[in-house]
Every structure is written in C-alpha cells, then in structure tokens.
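Here is a quick tour for anyone meeting this structure for the first time. Keep the picture open and follow along.

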Amino acid sequence: MRSEVATLPGSPERPNEDWAAAALPASGGGGTLVLLDGVTPPAGDVGCVHTVPWFTARLGGTLTELSASRADLTLSEILSLAIRRTAELHADTCDLSHVRTPQATVVLARWDAAAVDHLVLSDSVLLLRAPDGAVRAVRDDRLDRIPREALRSHAAADRLRNSEGGFFTAAADPAVAERAVTGRTPLEEVRALAALTDGAARWVERFGAGDWTECAGVLAKEGPAGLLQRVRVLESASAGRWRGKLHDDATAVYVEL
C-alpha cells in the first residue's frame, strides 16, 4: 500500500487548521483515512477558549484511533462517539451550544479485505478510483445548494449552520453524524482513494484546471504535494479575481490499495 499526506497553511501568520492521517490497524489488514478541515470562525465570541487546531487535533486523533481499532462500529457511529469524546474534553470550560464552537468538515474511509466504507460531512471531497481509471467523487453538496446571497453575512451563515435546510459540520453534537453522506464499495472496485479539503479541491472546483479524474492522475504521478503546489501557482496567478482568501489551508491524502 502506498499512502502520502501533504498540507500547506493558507498563511504563515495563522496556524493550519486542517488535520489528516492514514493508518494501518495492528492486525495488518485493511486501513483507514481521516481528513478534517477546521472551520475558521469570524472574529468575536465563539463560546470556546480553545483554538480550531486544538479541536481538529483531538477530533482527528480520536477518529483515527476508533476507525483503526473498532471494526464493530460503523463510520457514523465512530464519528458520533468521537464528537462526544471531544466535547467532553472542554464541556466544563466552554459553551458548546454556541453556533461558532470549534467545528470541522470530515472525510473518513476504512477498508478491509471485502470493501471500502466512506463518510463525508460538509465540503471536503473523497475520490474513489476504480481499476479501469474511472473516478467517483463523493461529496456532501448541501452547502453548494445554498444560494450565495444567503451566506453573505456571518449572521445569515450562523442561521444555516448545523440546522435543517442548511449545512452540517462536526462540532459538539454527536447526532450530526447521522447527517453525513455514507456508502460502501466492494474492494475490487477501488484501486486508490484520496481525500481533499476545499483548499486542495480548488484545482478542480475553483480553477477548472482539470476534472476529478485528471486530479486523481496528478495525485498518482506527483503525490499530494504536487497537487498543492499546482493550486498555489493558480491562486497566485489569479490574485484579485476571487472574493475571500487568496490562499486557504490545503490538505490532501492519497492512498493506493
């Protein structure tokens, strides 16, 4: 098995809020992939004394442990338990009911000798490449379906965050795990898989430099680091053309089975 992980911070002045891991269980059979994209809150009260990297490290570490060791649990159950455990670490010091309490997007994949299970929550993406080279992108597109004008203010986004008719992220409520996009694919139908935060997925989604199949080809030939460097070149060349951050935290995980 080949596995590679690469990440770049959006700015040298800010900590990277992404978190990623690829692991093999002690039994030696199968493996697991975890990717989190921490949600950067606007300035002001978030109800928590901890940073987003604090949250993603603890949630990511728990997800990696559970997905690699608890084959008896589904990925939804693993996400629910990991959210609960992480919440317990700061429930006594923070207001976890605050809409901006630390949160993250989630990609989980776990495979054994029979199949690949996957879970995607919010706007990170999972790619599954078949032996014939066909690539399937697994996405949670609820955020995409919200009109851009409905997200123009922080208050408007807050009303849609983790609410019916809006979009969902992993924060402090374990029940959000039931909102994730999940599925199972026979192992013989998967040759490689990759997980991308939206900062890495810009190569396809913002710049249209290629489709998901071509993106998987870049990952196979150049690795995650090669894809991230391509994104940074495109971002620098397009400065001033896009609203929001010029560079975002960008993370990619690539695994060949």
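Where is the place of Asn 162? Asn 162 is in the loop between helix H3 (154-160) and strand S8 (181-186). Before going on, keep in mind that this is a predicted model. Asn 162 has a phi near 50°, a positive value in a residue other than glycine. That stands out because most residues other than glycine have a negative phi. As for cover, Asn 162 counts as partly exposed, with 30% relative accessibility.

Ser 122 has a positive phi too, at about 75°, although Ser 122 is not a glycine. You'll find Ser 122 in the loop between strand S5 (115-121) and S6. With a relative accessible area of 5%, Ser 122 is buried.

## Helices H1 and H2

Now look for helix H1 (residues 52-69) and helix H2 (residues 75-90). Two packed helices are described by the angle between their axes and the distance between the axes. For H1 and H2, the angle is about 140° and the axes are 9 Å apart. That makes H1 oblique to H2, since an angle has to be over 145 degrees to count as roughly antiparallel. H1 passes H2 in a right-handed crossing.

Which residues of H1 and H2 meet? On the H1 side they are Trp 54, Phe 55, Arg 58, Leu 59, Thr 62, Leu 63, Glu 65, Leu 66 and Ser 67. Their partners in H2 are Ile 78, Leu 79, Leu 81, Ala 82, Ile 83, Arg 85, Thr 86, Leu 89 and His 90. Sorted by class, the contact of H1 with H2 has 11 nonpolar, 4 polar and 3 charged residues.

## Helix H4 and its cover

Helix H4 (residues 198-205) is mostly covered, with 6 of its 8 residues buried. Those buried residues are Gly 199, Ala 200, Ala 201, Arg 202, Trp 203 and Val 204. What does the covering? The cover over the buried residues of H4 includes strand S6 (125-129), S9, H5 and strand S10 (250-256).

Take H5 from that list. H4 and H5 pack at an angle of about 105°, and their axes are 9 Å apart. The two helices are therefore roughly perpendicular to each other. From H4, the residues that meet H5 are Gly 199, Ala 200, Ala 201, Arg 202, Trp 203, Val 204 and Glu 205. The H5 residues they meet include Trp 212, Cys 215, Val 218, Leu 227, Leu 228 and Val 231. By class, the contact of H4 with H5 has 11 nonpolar, 1 polar and 5 charged residues.

## Arg 232 in helix H5

Let's stay with H5 for a moment. Arg 232 is found in helix H5 (residues 212-237). Is Arg 232 buried or exposed? Arg 232 is buried, because its relative accessible area is 11% and buried means under 20%.

Leaving aside its neighbours within four places in sequence, Arg 232 is in contact with Leu 8, Pro 9, Gly 10, His 247, Asp 248 and Ala 250.

Thr 7 sits in strand S1 (residues 2-8) and counts as partly exposed, at 41% relative accessibility. Beyond its neighbours within four places in sequence, Thr 7 is in contact with Asn 16, Asp 18, Leu 228, Ala 250 and Thr 251. The side chains of Thr 7 and Thr 251 are joined by a polar contact of 2.6 Å. The Thr 7 side chain also reaches the backbone oxygen of Ala 250, at 3.3 Å.

Leu 193, in strand S9 (residues 192-196), is buried, with a relative accessible area of 1%. Apart from its neighbours within four places in sequence, Leu 193 is in contact with Leu 33, Ala 109, Trp 111, Leu 126, Leu 127, Leu 128, Val 253, Tyr 254, Val 255 and Leu 257.

Conventions
Residues numbered from 1 in each chain as written. Predicted model: local features only at pLDDT ≥ 70, side-chain atom pairs only at ≥ 80, totals over all residues. Heavy atoms only, no water. Helix = DSSP H or I, 4+ residues; strand = E, 2+ residues; numbered from the N terminus. Buried < 20%, exposed > 50% of the residue type's maximum accessible area, 1.4 Å probe, protein only. Contact = heavy atoms within 4.5 Å. Axes fitted to C-alpha atoms, helices over the stretch in contact; angles between N-to-C directions. Parallel < 35°, antiparallel > 145°, perpendicular 65-115°, else oblique. Left-handed = near helix turned anticlockwise from the far one by under 90°. Nonpolar A, V, L, I, M, F, W, Y, C, P; charged D, E, K, R; others polar. Polar contact = N/O pair within 3.5 Å; in protein donor to acceptor, adjacent residues only side chain to side chain.
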